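The structure comes first, and the description follows.

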Amino acid sequence: MRLRDRYGALLLDLDGTLYRGNAVIDGGPAALAGGEQRLVYVTNNASRGSDVVAAHLAGLGYPATAGDVVTSAQAAARLLAEQLGGGARVLVVGTDDLVEEIRAVGLEPVRRYDGAAPAAVVQGHSPHTGWPDLAEAAYALRADALWVAANTDKTLPNERGLAPGNGAMVAALRAASDREPIVAGKPYPPLLEDALIRAGTRAALVVGDRLDTDIDGAAAVGLDSLLVLTGVSTLAELTELPAGRHPTFVAETLDALNQPPLPAAAADNADIQRQLRSNPGRAVQVRAPRPAIR
């Protein structure tokens, strides 16, 4: 049985898993074709709306519509709507697409701390965030506004390497405010729980390139995971982790979804590396899959 056929849905990370910046990861579209699984694209990056993300994916050859995309901006907006009254003012640090997500849940997005104090600050990645944006947020946080971060990824992979992620900007506000945010994105549950609702099943496999977000996030909501070595995390990092934080499977590329996984390996670099090299295109099981849930 192919690895993918154990599951009813694939919850797919984007940056480092399907593409790097504007460059598709070789073989990705072909690897996802030809299955019956529901494909849900789950991104910690809050800088773009689901329609923009879907268009990007479709342009790279992935089958995607806006309804297939779940973003940390959407999860952050939901969390704020659940905790604030309708029409509450929310200071946005991020892109105009994040502004629209806040507006879509009945809240009032603002960019400055002036007049009536905002009830909350929401922070998502934008390549244009600068000191003035962080200063406005710091004023609001010092005035006890609720703080929700879309994610705390320290880095963001692109075609040139690893750039600063939203977590780097969150760290600046953490230092300036002595506060800790509520986090909507992986590895925290809100984003993946939203993705499970979209998938319509809990029989799902989380597929991603980061141990600290994708794999830890899968564990947080009780799902199996596949680490692909096409982005941020490496085998060396994996083998340094305690057993409870290992992915269920590890593979060099997404092609492994279409092959039966190899039996469990010792969770050490040499053994996993040996199996991957001896069996190109297949995943190695690192820990036991969870009982099937349909």
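Axes are lines fitted to C-alpha atoms, for helices over the stretch in contact, and the angles between them run from 0 to 180 degrees between N-to-C directions. With that in hand, α3 and helix α4 (residues 96-104) pack at an angle of about 35 degrees, and their axes are 9 Å apart. The model is a predicted one.

**Helix pairs**

| Helix pair | Packing angle | Distance between axes |
|---|---|---|
| α3 and α4 | about 35 degrees | 9 Å |
| α5 and α6 | about 45 degrees | 9 Å |
| α3 and α7 | about 105 degrees | 9 Å |

The crossing of α3 with α4 is right-handed. On the α3 side the residues that meet α4 are A73, Q74, A77 and L80, and on the α4 side they are L98, E101 and I102. By class, the residues of this contact are 5 nonpolar, 1 polar and 1 charged.

Helix α3 (residues 72-83) also packs against helix α7 (residues 189-199). The angle of this pair is about 105 degrees, and angles of 65 to 115 degrees count as roughly perpendicular, so α3 and α7 are roughly perpendicular to each other. From α3 the contact takes S72, Q74, A75, R78 and L79, and from α7 it takes P190, L191, D194 and R198. These residues divide into 4 nonpolar, 2 polar and 3 charged.

The remaining pair in the table is helix α5 (residues 131-142) with helix α6 (residues 166-177). Their angle makes the two helices oblique to each other, and α5 passes α6 in a right-handed crossing. L134, A137, A138, L141 and R142 make the contact from α5, while M169, A172, L173, A176 and S177 make it from α6. Of the residues in this contact, 8 are nonpolar, 1 is polar and 1 is charged.

**Domains**

How is the chain divided? Domain 1 is made of 3-44 + 187-285, and domain 2 is 73-183. The C-alpha centres of the two domains lie 28 Å apart. Across the boundary, 14 residues of domain 1 touch 14 residues of domain 2. Between them the domains bury about 1,200 Å², with 52% of this area on carbon and sulfur atoms. Which three residues supply more than any others of the area that domain 1 buries against domain 2? They are N44, P190 and R210, which supply 36% of that area.

**Backbone features in loops**

Two loop positions have backbone geometry to note. The peptide bond from K186 to P187 is cis, with omega near 15 degrees. P187 is in the loop that runs between β12 (182-183) and α7. At D144, phi is positive, about 75 degrees, although the residue is not a glycine. D144 is placed in the loop between α5 and β9 (146-149).

Definitions and conventions
Residues are numbered from 1 along each chain as its sequence is written. This is a predicted model: local features need pLDDT of at least 70, side-chain atom pairs count only at pLDDT 80 or more; totals for chains, interfaces and linings use all residues. Side-chain values use heavy atoms; hydrogens and water are left out. Helices (H or I, at least four residues) and strands (E, at least two) are DSSP runs, numbered from the N terminus. Angles under 35 degrees count as roughly parallel, over 145 as roughly antiparallel, 65 to 115 as roughly perpendicular and the rest as oblique. A crossing is left-handed if the near helix is turned anticlockwise from the far one by less than a right angle, and right-handed if clockwise. Contact means heavy atoms within 4.5 Å. Ala, Val, Leu, Ile, Met, Phe, Trp, Tyr, Cys and Pro count as nonpolar, Asp, Glu, Lys and Arg as charged, and the others, Gly among them, as polar. Domain bounds come from an automatic or database domain assignment. Buried area is the accessible area (1.4 Å probe) that two parts lose on being put together, summed over both.
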